[in-house]
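These are my notebook entries on a structure that I examined part by part. I kept a record of each item that I looked up and of the criterion behind it.

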Amino acid sequence: MTPARRRLTFIGLGFLSLVVASTLALTAFEDNLVFFYSPTDINEKSIIADRPIRIGGLVKDGSIVKSNDGITVRFEVTDLKYSIPAIYKGPLPDLFKENQGVVAEGQLTEGIFRAKTILAKHDENYMPKEVAESLRKTGKWKGTGKN
Amino acid sequence: MHKFANPAQFTRLANRVLPWTSFFAAICFIFGLYFSIFASPPDYQQGETVRIMYVHVPAAWMSLFTYTLMAVASASFLIWKHSLADIAARALAPVGASFTAITLITGALWGQPMWGTWWVWDARLTSVLILFFLYLGYMTLVNAFEDSEKGSKAGAVLALIGFVNIPIIKFSVDWWNTLHQPASLSRLDAPAIDPSMLVPLLLMALGFKLFLITILIIRMRTTLIEKRLQAKQLLKSG
């Protein structure tokens with residue numbers, strides 16, 4: 001074996017073990033690396049309820065109810081399998097709409113999620129308004145977030 | 001490949017390539033910016049804010065691409081001891097760090113109006129921040145030794161270890177729940193990006209890539225000249 005060959009093998013093997021180690025570590029930490037839990041996670045995995053968590057999903061169609069005080073809003077976070085009712089008091093980001101992604105930070109008590117912070121999650125689609133409308137009309141795409 | 005490891009060969013090739021890459025980089029930026037700022041439509045949801053994408057996304061791609069080049073150069077320096085590979089890796093680091101900084105800053109400016117926050121510790125944002133520190137760490141490490149050969153070796157090892165982070169950044173949005181949305185371009189089913197927005201994005205991406213090649217050649221050429229000067233001075237004094 002030439003010295004260069006030997007160094008190549010050494011570096012190759014070293015890198016391979018590094019990849020294996022990081023894969024194992026990342027898999028082990030899986031639940032701590034997620035930014036939010038989905039309603040399914042909450043219902044099917046035993047997520048501790050009495051600490052602040054983040055839940056994420058879509059704002060359920062037709063679920064937004066604004067209170068008379070003007071700053072309290074009730075809505076449901078859904079992943080189309082389970083939904084969790086949520087309540088929030090405060091200013092909302094522009095992209096907070098029905099059928100649009102949302103991440104809420106707060107606490108789940110007695111089945112109701114009391115959100116302290118609301119973050120809007122936008123999707124990976126970019127297009128002009130006319131295109132979005134025509135796609136919806138032809139039924140090729142259901143689209144998120146009604147305007 | 002080994003042919004270009006010769007500095008004289010490299011300089012000859014570099015001098016021939018440089019006018020072209022700088023010219024086309026300028027062309028891409030002029031047209032790319034015109035389309036991004038004036039001639040492309042506002043997004044159906046994000047409105048005018050979407051224009052941040054035309055800088056943010058190419059810068060993010062380049063931050064990964066530059067690191068990948070740096071890791072490849074570091075590996076070939078460690079394996080074949082090409083000094084030109086070391087010069088390339090050292091030349092790439094500050095450029096990559098700048099791309100990453102641009103990504104982080106434009107990302108924050110975009111996150112505030114769209115998500116409602118400048119920063120969150122989700123997997124994508126955090127791994128990109130780590131990338132930024134890897135670049136800084138590399139730059140510090142290669143210059144931390146009296147003997148620059150030692151610095152190059154230590155830096156190259158760090159660059160290779162840090163390369164594990166690159167696939168993590170790329171796939172973070174698929175592996176974990178993140179606030180950051182998944183990739184638009186590697187998706188095959190329509191719609192992800194409308195052609196009217198894709199064209200400026202790709203023009204800008206091409207411009208960024210040509211800019212990297214241009215600046216890399218200039219930086220490497222400067223280092224080579226510097227080394228030749230030092231050698232001459234050593235000869236004179238010795």
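I took helices (H or I, at least four residues) and strands (E, at least two) as DSSP runs, numbered from the N terminus.

**Basis of the entries.** I worked on a predicted model, in which local features need pLDDT of at least 70 and side-chain atom pairs count only at pLDDT 80 or more, while totals for chains, interfaces and linings use all residues. Residues are numbered from 1 along each chain as its sequence is written, chains are lettered from A and ligands numbered from 1 in the order in which they are written, and side-chain values use heavy atoms, with hydrogens and water left out.

**Entry 1: Ser63(A).** I located Ser63(A) in the loop between β1 (53-59) and β2 (65-66) of chain A. With contact taken as heavy atoms within 4.5 Å, and residues up to four places away in sequence not counted, I found Ser63(A) touching Arg74(A), Phe75(A), Glu76(A) and Glu98(A). The side chain of Ser63(A) reaches the backbone nitrogen of Glu76(A) at 3.0 Å. I also noted 10.0 Å between the C-alpha atoms of Ser63(A) and Val73(A), which are 10 residues apart along the chain.

Entry 2: Side chains of opposite charge can pair when their charged atoms come close. My criterion was a side-chain nitrogen of Lys or Arg within 4 Å of a carboxyl oxygen of Asp or Glu. Over all chains the structure holds five salt bridges. One of them joins Lys81(A) and Glu44(A), with the closest N and O atoms 3.0 Å apart. Lys81(A) lies in the loop between β3 (72-78) and β4 (83-89) of chain A and Glu44(A) in helix α3 (residues 39-44) of chain A, so this pair ties together parts that are 37 residues apart in sequence. Lys81(A) is exposed at 54% relative accessibility, and Glu44(A) is partly exposed at 47%.

I next looked up Glu105(A), which forms a salt bridge with Arg54(A), the closest N and O atoms being 3.2 Å apart. Glu105(A) is in strand β5 (residues 101-109) and Arg54(A) in strand β1 of chain A, so the pair, 51 residues apart, links distant parts of the chain. Glu105(A) is partly exposed at 29% relative accessibility, as is Arg54(A) at 26%.

**Entry 3: chain B.** I counted seven helices and zero strands in chain B. The C-alpha trace of chain B spans about 70 × 35 × 30 Å along its principal axes. Of its 238 residues, 48% count as buried. Among contacts in chain B with a separation of 6 or more, 76% come from residues 24 or more positions apart.

I placed Ser152(B) in helix α5 (residues 148-162) of chain B. Ser152(B) is buried, with a relative accessible area of 2%. Leaving aside neighbours within four places in sequence, Ser152(B) is in contact with Phe77(B), Asp86(B), Arg90(B) and Val142(B). Two of these partners, Asp86(B) and Arg90(B), form a salt bridge with the closest N and O atoms 3.3 Å apart. Both lie in helix α3 (residues 83-114) of chain B, four residues apart, about one turn of the helix. Asp86(B) is buried at 8% relative accessibility, whereas Arg90(B) is partly exposed at 23%.

**Entry 4: the interface of chains A and B.** How much area do chain A and chain B bury between them? I took buried area as the accessible area (1.4 Å probe) that two parts lose on being put together, summed over both. Chain A and chain B bury about 3600 Å², 62% of it on carbon and sulfur atoms. In chain A, His122(A), Glu124(A) and Tyr126(A) lose the most area to chain B, together 22% of what that side buries. The contact takes 40 residues from chain A and 43 residues from chain B. I found zero salt bridges between the two chains. The largest share of the chain A side, eight residues, comes from α1(A).

How values were computed. Buried means under 20% relative accessible area, exposed over 50%, partly exposed in between (1.4 Å probe, protein chains only). A polar contact is a pair of N or O atoms within 3.5 Å; within protein, one must be able to donate a hydrogen and the other to accept it, and residues adjacent in sequence count only if both atoms are side-chain atoms.
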